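Colleague: Thanks for sitting down with me. Could you take me through some charged pairs and some helix packing here?

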Amino acid sequence: SRPPLPPPIFSTTSSSVPPSGPLPLLPLLRRSLHRHPLPLPLLSLFLHSLLLSKLYSHARSLLHSLLPLPFSPSSLLHSLSISSLHNPSSASILADMLLLELSKSSLTDSALESFHRSCDYGYKLSSLSCNPFLNLLIKDGRIEDAERVFKVMIRRKFAPNVTTFNTLINGVCKAGKLRRAVDLVEDMKAWGVSPSVVTYNTLVDGYCKMGGAARMYKADMVLKEMVKAEVWPNVVTFNTLIDGYCKDGNSSAAMRIFQEMRKQKVLPNVISYNSSINGLCGNGKVEEALQLVKEMEVDGVVPNVITYNAIVNGFCKKGMLVEAKRIFGEMAERNLVRNEVTYNTLIDGFCRFGKMEDAMELKKLMVEDGICANISTYNCLILGFCRNKDMNGAKRILDEMGEKGVKADFLTYNVLINALCKDGEVMKAVKLLDEMIDIGVRPTHVTYNTLIDGFCQKDNLRAAFNMRARMEKERKQANVVTYNVLVKCLCRKGKLEEANSLLNEMLERGLVPNKITYNIIKEEMMERGYIPNIDGHLCDTASAT
């Protein structure tokens, strides 16, 4: 038998709460909510009474305790509108609170419904609720929804503030819409809202992460505009630019920004130093990076594992493995906990220079340190053994991966397929292709192009073209590398007309020839006295090279 229903908190015919006010009833109401949903008219009336008693925090808390809502936001908002006929402003406040609580609880769809229904009822929402709501949409990747919400806010004169604009600018920058972000900055000024350091930092970050040759130039222009507007760059601004230049391979420009940072009396932090050190090491300037580590310590900034990982990587790239191992040992002396990146970097260094015994010894030490070898570790080792033409060693690593439950990825298979093709074992490589598809690892362009090249090296053009057909059946269109391999093979076999047709096909597909294409035309065609029949600039460029 069902337990009896609790007595009503107050009469459904009553238009007011008891004379003592709503607060004494709140604990009873909370307990009741978990057992029996309260009728919406009563809930609405109670929420209004909390507001009339200026118990705002209790009203917010009650709304929060209702989540996830046992009814639609539209139903609650409708009920609030009916019960607020004598005090419509309280319904607006409650709608604002509801949107805020839904946003804080990451209930995106309910929040979106609540926003639109609140607008339909003419409720005035504030930036206190709209800003977290915009942030939620952006966090969920719903940039178009965020832009639509912003337009409604502007149309309904929900006054946006600097946080509103910064939130949306951040969203459109993440989506790569840098022009739209710049337009929003202009809109911001039109609304009388001054762009802040956060606004400019977001734009700088957007340009730094954008593709294209001019990205750092544009980021630098934002910095100049920022200073002109008397908004002074902070440590985040400089760190973003340093990281952008380093990832662009321009450590000299990164160091210029680093020095400018000091001139502006902005103290570099561990991120500033680590980005600069990593950039210098990436450009082979390890000695300069070590000098920066010394400066770092003088400034009272403590080097961390990221700092040392960058130095280890710098030495490994230059083949200075003794020095890399010394830095690796120094980390333990400084009580820095070496991580997967540390070990994998040094293992990769040993593998690149054929020191497989040292690499395997380091993997053993890695396990002893309580760090499990991951897919990157195993891929480095497999590549190392393959470079040493030790396929048995590579197979042992592959077997160990299976035993440890580490799943091979596309890189693992690409390395093995490449090694087999170089050894002329193309059919074994094709079996690996079948295997990777069977276990759900998707082949890449590199996978197929390696196999096509393998067949071409064996002068098996039919198999090469069949592999290309298989590749395109898997929705991977032939790229410039594919065409280069096939054209070169056709030329080598003296099939220059067919090679010419393939070049035309490549151009018709909108693919842009690269340096290798031009070299093939020059060395394999023109130097044999064959002038390709191709419209446009291709032949002229080939002649010029």
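This is a predicted model: local features need pLDDT of at least 70, side-chain atom pairs count only at pLDDT 80 or more; totals for chains, interfaces and linings use all residues.

Colleague: Is Arg468 buried or exposed?

Modeller: Its relative accessible area is 9%. Buried means under 20%, so Arg468 counts as buried.

Colleague: Which residues do salt bridges with shared partners join into one network?

Modeller: Side chains of opposite charge can pair when their charged atoms come close. The structure holds 30 salt bridges. Those that share partners link up one network of Asp109, Arg142, Asp145 and Arg148.

Colleague: How many residues apart are Lys395 and Asp399 in helix H22?

Modeller: These two form a salt bridge, with 3.3 Å between the closest N and O atoms. Asp399 is partly exposed, at a relative accessible area of 37%. About one helical turn separates the pair in H22 (residues 391-404), because Lys395 and Asp399 are four residues apart.

Colleague: What is the relative accessible area of Arg334?

Modeller: Arg334 forms a salt bridge with Glu330, and the closest N and O atoms are 3.5 Å apart. Glu330 is partly exposed, with a value of 21%. Arg334 is partly exposed too, and its relative accessible area is 39%.

Colleague: Are helices H17 and H18 roughly parallel or antiparallel?

Modeller: The axes of H17 (residues 305-317) and H18 (residues 321-333) come within 7 Å and cross at roughly 165°. H17 passes H18 in a left-handed crossing. Angles over 145 degrees count as roughly antiparallel, so H17 and H18 are roughly antiparallel.

Colleague: How many nonpolar residues are in the contact of H17 with H18?

Modeller: On the H17 side, the contact includes Val305, Ile311 and Phe315, and on the H18 side Leu321, Ile327 and Met331 are among the residues met. Besides one polar and three charged residues, the nonpolar count is eleven.

Colleague: How far apart are the axes of H15 and H16?

Modeller: H15 (residues 270-282) and H16 (residues 286-298) pack at an angle of about 165°, and they are therefore roughly antiparallel. H15 passes H16 in a left-handed crossing. Among the residues making the contact are Tyr273 and Leu280 of H15 and Leu292 and Val293 of H16. The distance between the axes is 8 Å.

Key:
Residues are numbered from 1 along each chain as its sequence is written. Side-chain values use heavy atoms; hydrogens and water are left out. Axes are lines fitted to C-alpha atoms, for helices over the stretch in contact, and angles run from 0 to 180 degrees between N-to-C directions. Helices (H or I, at least four residues) and strands (E, at least two) are DSSP runs, numbered from the N terminus. Angles under 35 degrees count as roughly parallel, over 145 as roughly antiparallel, 65 to 115 as roughly perpendicular and the rest as oblique. A crossing is left-handed if the near helix is turned anticlockwise from the far one by less than a right angle, and right-handed if clockwise. Contact means heavy atoms within 4.5 Å. Ala, Val, Leu, Ile, Met, Phe, Trp, Tyr, Cys and Pro count as nonpolar, Asp, Glu, Lys and Arg as charged, and the others, Gly among them, as polar. A salt bridge is a side-chain nitrogen of Lys or Arg within 4 Å of a carboxyl oxygen of Asp or Glu. Buried means under 20% relative accessible area, exposed over 50%, partly exposed in between (1.4 Å probe, protein chains only).
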